[in-house]
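Here are my notes on the two-chain model you sent. Please read them with the structure open beside you.

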Amino acid sequence: MVKQSSECLLDSHDLLVNVIIKMTSAMGEGAGSLMGVNGVLKRDLDYVLTLDKFRDEYETIFGPHSHFHPPDGFLTNPEKSTTITVECKSGIDEDETNLKEQLFFYSSNPRFKEIFLDPYEKTEILIVCTEDCLTDACAIIEDYGTTTNCVVWAVKKKSQSDEFSVQKRFGKHIDADLNKMMGEGKDVLPPSNVFLVSPHISPPRLAAEIIKRLLSSFVGSLEPELKIKQFIEKQTDSVISYKRMRDTIRYVFTLVPELGELNEDKTIINFKNLRNFEKIQRKRRRICNLSKYEFEQELRNASQKKRRKRKLKEADKAQTKIPMFLN
Amino acid sequence: MDEETSTLTFEQFVSEATEQVRKGNSLSGVIVFSENDAWRNFERVISRFNIESRIWTADQIDTAQNDFFILRFTKRADATNRADARRRLFFIKVVTERESNQSCTTLYVFSYEGSELFRVFKSLVEKTRYMWRGWIGSRFLERFDEFVRSVYLKELGREGAEASTVLVKFVLETRDVKSKDRKGSSINYEKRSEEDLNKLRTFYWKEFAELLYVKKGKYKITTNARYFSVALSDRTEFTLMEGDLLEFLALFKYVLFYARELRDKFKKKILINKSQRAVRATNETLEFLSFDKIELIKIDVDNPVISSWRDNLVNTFSIDHLREFKLLNFVLQEGNPYFLAETIDLENGSRTYVSMVENSIRISPAIEQTEPSTISKLFSVLQSRVDPSINLIERW
């Protein structure tokens, strides 16, 4: 049986964000035709999803202890002067995101309002969640009682179909047309593309994604070297911060030395002559399925091993130098 | 090697080639697409080839015509004795120059050489970034007789089309979908009807769990005063065994149109809009993304030959490394039947998504734009390992 284990599946959170992207992008479907079929929110109501590229500068802007977690995007309609802060939830109180803290931040932080919500007159918060965490999400919103209007959409896989049904299940949109449309619900085909648009992506999953993209860059490149900066800039669909991408690339080369190595100042990747793709894929899959804690542990072990190896090498060099000196 | 030029013109080559075919020497050829003027860098590719290849060396011979040149291969062992060396020639004609609104140039390549040297030439093309052999696929070969009749209907009218006969033989490759590699065996099959071919396919599938893929078709085409005997492969490679080259090219140009239409449809883009916003208080700049347009290829599988085509697709794209096609696969979602996988083409690094929803398959780019050569490869995978009825354009 050649079917190989494929546990490194799409995260539910990724799926939710990509469903919203699908609802707001122009999709060129049809048998190769370039005629676009707009996502329903774009086609009927002119809403576009904008994603903020999570920047290292956020710490400077919001302060180091601001508990700032970037939202998953902003649904905006300039004509109606409306912007909706979108937060996708596949589970409540995940590793780094706490819904209560997020609601507080999105509704009350003046800097957040100034940067992301100005100059729109109408603003609200939209929680897009799976059916599993709908009750909890609604309970938190009711309990918190934010001053900003809050709405919840639930994304549910339709039975006997591949489509997802997206429906407003809590609150009322300021835009009456949007409220009516989403109140009735919309059916959306599952995404055919997956972009790196989850700012909260877990470290092992990000590492696994980067391994895949490094493999692609390596085989597509005519040069054996690649600048990390250049690689990161090429990931045009990514919202992950430069610093986090750079650090993860460094982790990747510690965990998967088969890919190649970094130069001394860790800015240039020197690819190895890749042959054993299956081995890299096995390692990638393993990394992807690690928990955050296991990933850190693995990284620590790999770094120690690397350090020991280097020390042994240096000791070996020193030993070989003695007889040469004696001669 | 010294730079040489030849006085041969394309017109002289065509008449000489027709004479050679008449004498019994078959002429092979292939359509090569070159994106972004990559063919103009051929000399650089050749010099790299000369460093890497142990057996062959190559050099380019220009002619007085700008759109016609010759590629010469020499065995390294023969190179020292240049007078006795057997020179193997590939004649390259630029069919359509890249125009301002097009990013692609089309080349015809001809040679009297057999499969061994043609393989060397193919590997040279494969190693050249943005150059690739045209693709027409298995389904087109299966229905080539219909295609020929439709061309003659246009060219010669109803009478000419009715008078035309096309005798067809296929070389069928067998593939076990659960195996990483292609099976070595091929079957020769004389086409009686599409139903008959499908019956054979169903039989092979039920009895041996194998799929039959038309890799090559051998056709004898007769109409009015014209007669050709030609073999055609899914990658637009042809071997003219009998007939007039000029008349054959008059027919083959329609194959080129078809390959070019496919190539254009294989290019799919993602438009990501980037915008920046300044933060007054800290003088920082923030960047925002929006996915303005996502193009994709949608293939409806309405009349599959293999009822379990969905399982075949899942099995195929669950193979980590599909060596035969030089593809790396990553499964991202396994639903029922929603399935999403990402592939990396090991020849150019292009990343592409393949997904399946109910009765359709979707192919879309992972970043910026799909590489047509990768999409053609994916179509070969779909036709040979998922269902032979899969195709993008079914009208001639």
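This is a predicted model: local features need pLDDT of at least 70, side-chain atom pairs count only at pLDDT 80 or more; totals for chains, interfaces and linings use all residues.

1. I start with Glu368(B), which counts as partly exposed because 15 other C-beta atoms lie within 10 Å. Its phi is near 50°, a positive value in a residue other than glycine. Glu368(B) belongs to the loop between β20 and α10 (372-386) of chain B.

2. **A second one, Ala209(B).** Here too phi is positive, at about 55°, although Ala209(B) is not a glycine. The residue lies in the loop between α7 (194-208) and β10 (210-223) of chain B. Ala209(B) is partly exposed, because it has 14 C-beta neighbours inside 10 Å. As background, a negative phi is found in most residues other than glycine, and most peptide bonds are trans.

3. **A cis peptide in chain A.** Which peptide bond is cis, with omega near 5°? The bond from Asp118(A) to Pro119(A). Pro119(A) sits in the loop between α5 (110-117) and β6 (122-130) of chain A.

4. **The open sheet of chain B.** Six strands make up an open sheet, and its order is β15-β20-β19-β18-β17-β16 in chain B. The pairing is antiparallel.

5. **Pairing around β20(B).** Four bridges connect β15(B) and β20(B) in the antiparallel sense. Across that pair, Ile299(B) stands opposite Ile361(B) of β20(B). On to β19(B): six bridges join it to β20(B), again antiparallel. Ser355(B) has Arg362(B) in β20(B) as its bridge partner. Is β20(B) buried or exposed? Five of its six residues are buried, so the rest of the structure largely encloses this strand.

6. **The hairpin turn.** The hairpin of β19(B) and β20(B) has two residues between the strands. Glu358(B) takes a positive phi near 45° in this hairpin.

7. Ala341(B) faces Val354(B) in β19(B).

8. **The contact between the chains.** How many residues does the contact take from each chain? Chain B gives 53 residues and chain A gives 49 residues. On the chain B side, β14(B) gives the most, with eleven residues. By class, that side of chain B holds 24 nonpolar, 13 polar and 16 charged residues.

9. **Strand pairing across the contact.** Strand β3 (residues 48-53) of chain A is joined to β14(B) by three bridges. The two run antiparallel. Leu51(A) has Leu289(B) as its bridge partner in β14(B).

10. **The nonpolar core.** The largest nonpolar core has 168 residues. Val128(A) and Val252(A) have the most contacts inside it. The largest share of this core comes from helix α8 (residues 203-220) of chain A, which supplies eight residues. Beyond its neighbours within four places in sequence, Val128(A) touches Leu16(A), Ile20(A), Val86(A), Cys88(A), Trp153(A) and Val155(A).

11. **A check on α8(A).** The helix is mostly covered, with 15 of its 18 residues buried.

12. **Chain A overall.** Chain A has twelve helices and twelve strands. Of its 327 residues, 39% are buried. Among contacts with a separation of 6 or more, 63% link residues 24 or more positions apart.

13. **Domains.** Chain A is divided into domain 1 (12-188) and domain 2 (203-315). Taken over C-alpha atoms, the centres of these domains of chain A are 32 Å apart. Chain B is divided into domain 1 (5-132), domain 2 (137-262) and domain 3 (270-386). The centres of domain 1 and domain 3 of chain B are separated by 34 Å, taken over C-alpha atoms.

Terms used. Residues are numbered from 1 along each chain as its sequence is written. Chains are lettered from A and ligands numbered from 1 in the order in which they are written. A nonpolar core is a set of buried Ala, Val, Leu, Ile, Met, Phe, Trp, Tyr and Cys residues joined through C-beta atoms within 7 Å. A residue is buried if 20 or more other C-beta atoms lie within 10 Å of its own, exposed if 12 or fewer, and partly exposed in between; C-beta atoms are placed from the backbone. Two residues are in contact if their C-beta atoms, placed from the backbone, lie within 7 Å. Ala, Val, Leu, Ile, Met, Phe, Trp, Tyr, Cys and Pro count as nonpolar, Asp, Glu, Lys and Arg as charged, and the others, Gly among them, as polar. Two strands pair if DSSP finds at least two bridges between them. Domain bounds come from an automatic or database domain assignment.
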